[in-house]
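Have a look at the model first, then go through the points.

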Amino acid sequence: MDLSDLAQANFDAQPYWDATAKGEFVVARCTTCGEAHHYPRAVCPFCRAETVTFEPASGKGEIYSLAITRMPDKPLRVVAYVTLAEGPTMMTKIIDAPDDVAIGDPVRVDFQTHPEGLTVPVFRLDRN
Amino acid sequence: MSAAYIMGAYEHPTRKAEGISVAQLHMQSAAGALADAGLSFDDVDGYFCAGDAPGLGPMSMLEYMNLDVHHFDSTDSGGSAYLVHVAHAAQAIASGKCNVALITLAGRPRAAGMKSAKMPPAPTPDTPFEAPYSPSVVEMYGMVAARHMHEFGTTREQLAWIKVAASHHAQHNEHAMLRKVVTVEDVVNSPLVSAPLHRLDCCVVSDGGGALVMTSESVAKSLARPLVKLRGAGEAVGHANGGRVDLTTSAANVSGPRAFAEAGITPGDIKYASIYDSFTITVLVALEDLGFCEKGKGGAFVADGNLISGQGKLPFNTDGGGLCNNHPSNRGGMTKVIEAVRQLRGEAHPAVQVQNCDLALAHGTGGSLATRHGSATVILERL
């Protein structure tokens with residue numbers, strides 16, 4: 001089962017993947033309790049209502065934590081949790097990261113298409 | 001509630017199981033634990049295993065061992081499952097469902113050539129939001145360590161003390177994979193795997209297995225082995241909580257207090273602790289959540305040899321743990337219970353045996369911190 005199949009098998013979050021395929025970033029928010037959540041699912045994990053909608057997100061956030069892997073002659077690999085401006089914290093990758101990338105750094109969303117066909121949000125530093 | 005006792009415990013001596021199948025390792029471990037208890041396969045009426053056992057639930061292993069049981073449980077919470085099994089077996093024994101419960105674990109990731117514990121993607125609802133980033137287990141625990149350092153000022157040197165203590169113990173264990181005593185400098189100067197974790201912050205990959213035999217009080221008292229009673233247990237699952245992620249707290253902060261409440265004791269009463277040590281940070285977070293020190297103070301607690309038997313306040317993992325001794329099937333919970341039983345019986349290596357060890361704790365962290373993990377805590381008493 002490749003990643004596209006996995007996403008399709010869990011079609012709760014299809015609007016999220018429809019958005020990323022177009023280079024758009026959305027968050028799941030429950031219209032009953034007003035809370036945003038991640039990962040997106042059909043039932044709100046906080047109030048358990050089936051009133052989850054997908055809304056455009058700012059694409060801004062900050063690094064909550066990260067693990068940095070250095071390999072010879074390769075760009076820095078940075079797996080991270082990013083806390084979105086909308087509230088939820090999500091697992092992702094930081095791309096094109098400088099050597100001093102750190103917790104608390106501001107980031108903005110970008111997209112990468114996985115070899116198995118799923119376009120996923122990644123983040124890059126937005127330090128200005 | 002009537003009591004249940006761990007009367008048999010066996011750690012398979014192999015660390016590389018060439019020519020021994022996974023099912024055979026399970027059965028050899030079972031035979032060892034039954035012999036230790038003074039029981040036979042014919043006495044077993046309850047069986048417990050987790051996802052390392054080949055087949056669907058317990059069925060293939062029951063057929064392989066040709067057992068007839070009238071109670072079984074294949075709860076899987078990764079490496080902590082065997083501590084859950086201890087608790088569930090005690091509940092089954094207390095309610096009369098079985099009298100002799102066998103729990104087995106085995107695996108051969110080394111002989112099979114599996115270098116890491118990376119899981120293949122499964123069709124779970126969370127997978128599409130994690131697998132595309134292909135986080136390694138080291139990266140996930142690395143994120144926990146990085147956040148702990150950020151929030152509490154924990155240092156690499158403090159984390160290193162956990163490995164140093166494990167190595168002090170492993171030097172006495174003839175079966176341990178890594179018997180060389182290491183220093184804080186050795187750990188922080190070992191190659192970075194994924195910052196902030198170095199190679200020596202990580203556990204070994206080993207083949208092997210282990211088994212436990214738990215019995216009712218009447219069976220226990222008919223046997224010649226010391227009585228090791230389950231006095232308290234707790235279990236809980238930690239996860240990302242809908243995106244309200246807290247990487248520095250594990251579900252040990254639920255399983256631990258519940259186990260202590262059931263046992264009617266406090267962390268200060270514990271003479272020896274087996275703490276799951278997939279990585280140094282796994283131990284640090286668990287010690288805080290179990291209440292051995294305040295949240296955020298784990299670094300200071302583990303420093304300066306405080307976990308070394310005969311030297312520190314809380315002797316831990318006196319077999320060398322997963323960090324130095326054994327991590328069969330990438331699941332370290334079973335060996336945690338086995339070493340706690342050895343300590344309570346006075347059968348640990350004399351160099352690491354804790355004097356008058358009457359109360360011990362064993363704790364497991366299965367699955368993975370930073371995504372989903374199952375915490376399980378047991379408190380054992382030697383009567």
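This is a predicted model: local features need pLDDT of at least 70, side-chain atom pairs count only at pLDDT 80 or more; totals for chains, interfaces and linings use all residues.

1. Let's start with the second largest pocket. Its volume comes out at about 410 Å³, and 21 residues line it. If you want to find the middle, look for B:Glu11, B:Asn173, B:His175, B:Glu339 and B:Arg342, which lie nearest the centre.

2. Which elements give two or more residues to that lining? They are strand E1 (4–11) and helix H12 (333–345), both of chain B. H12(B) gives the most, with four residues.

3. Next, a helix pair in chain B. The axes of H5 (residues 156–170) and H9 (residues 280–290) come within 9 Å and cross at roughly 100 degrees. Angles of 65 to 115 degrees count as roughly perpendicular, so that is how H5(B) and H9(B) sit relative to each other.

4. Who makes that contact? From H5(B) it's B:Leu159, B:Ile162 and B:Lys163, while H9(B) brings B:Thr280, B:Ile281, B:Val283 and B:Leu284. By class, that is five nonpolar residues, one polar and one charged.

5. Last, the annotation. An unreviewed UniProt entry puts "domain: Thiolase C-terminal" at residues 240–381 of chain B. Over that stretch the chain is 32% helix and 15% strand, with the end C-alpha atoms 34 Å apart.

Notes:
Residues are numbered from 1 along each chain as its sequence is written. Chains are lettered from A and ligands numbered from 1 in the order in which they are written. Side-chain values use heavy atoms; hydrogens and water are left out. On a 1 Å grid over the protein atoms alone, a cavity is a set of points where a 1.4 Å probe fits but cannot get out, and a pocket is an open set with protein on both sides within 12 Å along at least five of seven lines; lining residues have an atom within 4 Å of a point. Grid points are joined across faces, edges and corners, and a volume is the space filled by probe spheres set on the points. Axes are lines fitted to C-alpha atoms, for helices over the stretch in contact, and angles run from 0 to 180 degrees between N-to-C directions. Angles under 35 degrees count as roughly parallel, over 145 as roughly antiparallel, 65 to 115 as roughly perpendicular and the rest as oblique. Contact means heavy atoms within 4.5 Å. Ala, Val, Leu, Ile, Met, Phe, Trp, Tyr, Cys and Pro count as nonpolar, Asp, Glu, Lys and Arg as charged, and the others, Gly among them, as polar. UniProt positions are given in the numbering used here, feature names are shortened, and annotations may be inferred rather than shown by experiment.
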